[in-house]
Amino acid sequence: MSQSTEITPLAASPDRMLGFRTFWHYFSVNRGAVIGLFVFILLVLAALLAPVLAPYAPDVQDKTAFLRPPAWQAGGSAQYLLGTDAVGRDMLSRLLYGARFSLLIGAVVVTLSLFGGITLGLLAGYFRGWVDVAIMRVMDLILAFPSLLLALVLVTILGPGLFNAMLAISLVLQPHFARLVRAAVMAEKSREYVVAAKVAGAGHLRLMLATILPNCLAPLIVQGTLSFSNAILEAAALGFLGLGAQPPTPEWGTMLASAREFILRAWWVVTFPGLAILITVLAINLIGDGLRDALDPKLRRS
Amino acid sequence: MLRYLLHKIVLVLPTLIGITICAFAFVRLLPGDPILAMAGEHGVSPARYEELKEQFGYNLPIWQQYAHYVRDAATGNFGVSISSKRPVIEDFMTLFPATIELSFFALIFAMVLGIPAGIVAAVKRGSWFDQSLMGTALVGYSMPIFWWGLLLIIFFSGYLGWTPVSGRIGLQFFFKPITGFMTVDTLLYGKLDAFRSALSHLVLPAVVLGTIPLAVIARQTRSAMLEVLGEDYVRTARAKGLSSARVIGVHALRNALIPVVTTIGLQVGTLLAGAILTETIFAWPGIGKWMVDSIFKRDYVVVQSGLLLIALIVMAVNLIVDVLYAVINPRIRAA
């Protein structure tokens with residue numbers, strides 16, 4: 001339990017397969033996490049294979065079929081399984097293509113905020129002193145604003161659009177990573193293996209990146225998962241408010257925004273995009289819970 | 001205690017300064033000329049431009065501009081809204097009660113359901129109830145609340161016709177606000193039908209806004225209870241032969257509620273961020289909708305002040321929660 005090799009199975013352990021097996025053992029105990037992972041894999045496949053799976057292109061309009069209900073409802077047809085939107089575009093195709101945007105948003109935001117957070121957290125935790133104070137004050141400041149509000153204001157400055165929304169969300173989520181890395185680095189810095197590496201002549205960069213960082217990975221992976229789902233939610237919210245991806249992009253939040261005026265007439269244009277967001281976010285949060293169980297030895301059941 | 005309080009305030013100071021710098025920088029970071037940006041989409045004549053430049057002090061060095069900005073903000077002068085032509089602070093004071101009222105009921109909803117549910121789940125750990133509650137809480141936590149609001153409108157307003165779709169009160173009711181809280185004002189005027197109208201407008205937005213706090217509170221209560229139920233003093237209370245209700249309700253709950261209270265306090269940021277979406281969906285005239293509308297109207301004086309005021313409120317509430325936490329939990333003060 002208390003040995004560091006067991007705490008971080010993903011870190012360089014002598015037997016990687018064994019590490020993975022331990023990890024999988026703890027992860028698969030959590031049934032929800034396995035279901036989440038399964039759904040997530042399906043979503044990735046849907047996103048990758050969208051051009052193959054989707055019956056239509058996401059922007060093709062059928063002028064004879066505005067607001068056609070789903071196939072199982074009166075007036076619907078098998079031609080459009082989940083119905084069509086207000087300008088006659090196939091809902092199913094747009095939802096499939098939308099999976100690409102949501103996963104892209106999650107991946108880009110997590111990469112950017114991981115990169116920023118690791119850099120700042122490492123610097124702050126390793127050097128301490130004024131570097132630490134300066135960096136952490138700025139992080140506190142970012143966290144002082146409600147995240148969506150800050151993202152809104154940043155997008156106002158940068159201009160609406162998917163890419164700017166991703167940048168804004170990365171900046172807003174990044175302090176969580178910086179704090180985690182800083183705390184982990186401070187805890188690890190005085191451990192024997194770090195001192196040993198230092199005595200052996202390792203430089204600052206090597207100590208930070210090769211010696212300390214790999215041992216801080218576990219909390220970062222959990223936080224990364226949670227940020228992935230947060231990023232999707234926030235980007236969808238920005239899209240919904242009209243400041244994220246712009247129409248006709250089939251981003252789920254943006255689709256909801258243009259569906260709003262039909263909510264009392266055509267339930268399907270509102271229900272499906274939101275359901276897609278919920279399922280995606282829920283699947284990722286389930287995975288996050290499982291990862292926490294598997295990677296955090298404090299919570300691990302014996 | 002006083003030392004603790006002072007210590008906390010000193011820690012908050014850099015954030016306070018940072019917030020004012022952010023709000024100050026916001027208008028200057030906007031693409032294009034700040035005066036043209038603030039003048040809105042109508043633009044200004046060259047003469048008026050110089051006048052505005054003078055008025056806003058843009059001809060001064062930047063640090064002086066900042067000093068003036070802070071001085072004005074500290075005296076409650078946030079400038080004049082371009083769209084409403086009224087001082088920003090007046091608009092804020094009119095709209096803010098609506099947001100407080102909505103957040104208050106959202107929080108009540110979240111607490112009334114979340115705390116008991118969390119307690120029962122902890123006491124019956126691993127049961128059918130516990131598992132389904134934790135599942136539901138995770139769904140609530142993952143909920144895109146703007147969609148959740150639309151769904152509730154479809155069902156309760158569209159399909160069942162039970163609740164109105166938007167606004168704070170029926171249009172037939174009109175009276176001068178006393179407190180700014182519809183539910184209180186209607187009662188003060190003694191108009192029961194107006195009160196009922198206000199309440200029916202409030203239900204859906206409050207449920208939507210309260211959904212994520214509900215999930216967070218239920219989870220937090222459960223885990224806090226689980227931790228406490230394993231403590232020695234709880235076992236002692238049981239060994240003394242106290243009734244199960246007394247052990248759980250008095251000995252365990254009192255201690256478990258400490259982290260829960262903190263969690264509730266920290267939900268203020270979530271509530272204000274959620275208010276942006278909830279108010280937009282339900283056309284609720286609060287500060288969240290005001291911010292979004294102002295962004296689209298390019299009323300940047302409002303966006304700037306709203307940013308400052310909301311951040312200050314969140315900061316103040318977090319400070320109060322910190323201090324209250326130290327009041328109920330003396331162990332914190334020592335640290």
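Author: Residues 198-218 of chain B are 100% helix and 0% strand, with their end C-alpha atoms 28 Å apart. Helices here are DSSP runs of H or I with at least four residues, strands are E runs of at least two, and both are numbered from the N terminus. This is a predicted model, in which local features need pLDDT of at least 70 and side-chain atom pairs count only at pLDDT 80 or more, while totals for chains, interfaces and linings use all residues. Residues are numbered from 1 along each chain as its sequence is written, and chains are lettered from A and ligands numbered from 1 in the order in which they are written.

The span comes from UniProt, where an unreviewed entry gives "transmembrane region" for chain B at several places, among them 198-218 and 256-287. Such positions are in the numbering used here, feature names are shortened, and annotations may be inferred rather than shown by experiment. Residues 256-287 of chain B are 88% helix and 0% strand, with 34 Å between the end C-alpha atoms.

For chain A, UniProt (unreviewed entry) lists residues 33-54, 101-127, 147-173 and 266-287 under the same feature name, "transmembrane region". Residues 266-287 of chain A are 95% helix, and their end C-alpha atoms are 33 Å apart. Residues 147-173 of chain A are 89% helix, yet their end C-alpha atoms are 8 Å apart.

Helix 8 of chain A (residues 162-189) crosses helix 6 of chain A at roughly 140°, and the axes come within 9 Å. Axes are lines fitted to C-alpha atoms, for helices over the stretch in contact, and angles run from 0 to 180 degrees between N-to-C directions. The angle therefore makes helix 6 of chain A oblique to helix 8 of chain A; under 35 degrees counts as roughly parallel, over 145 as roughly antiparallel, 65 to 115 as roughly perpendicular and the rest as oblique. Helix 6 of chain A contributes A:Ile135, A:Met136, A:Met139, A:Ile142 and A:Leu143 to the contact, and helix 8 of chain A contributes A:Val172, A:Pro175, A:Ala178, A:Arg179 and A:Arg182. Contact means C-beta atoms, placed from the backbone, within 7 Å. By class these residues are 8 nonpolar, no polar and 2 charged, where Ala, Val, Leu, Ile, Met, Phe, Trp, Tyr, Cys and Pro count as nonpolar, Asp, Glu, Lys and Arg as charged, and the others, Gly among them, as polar.

Conventions: Contact = placed C-beta atoms within 7 Å.
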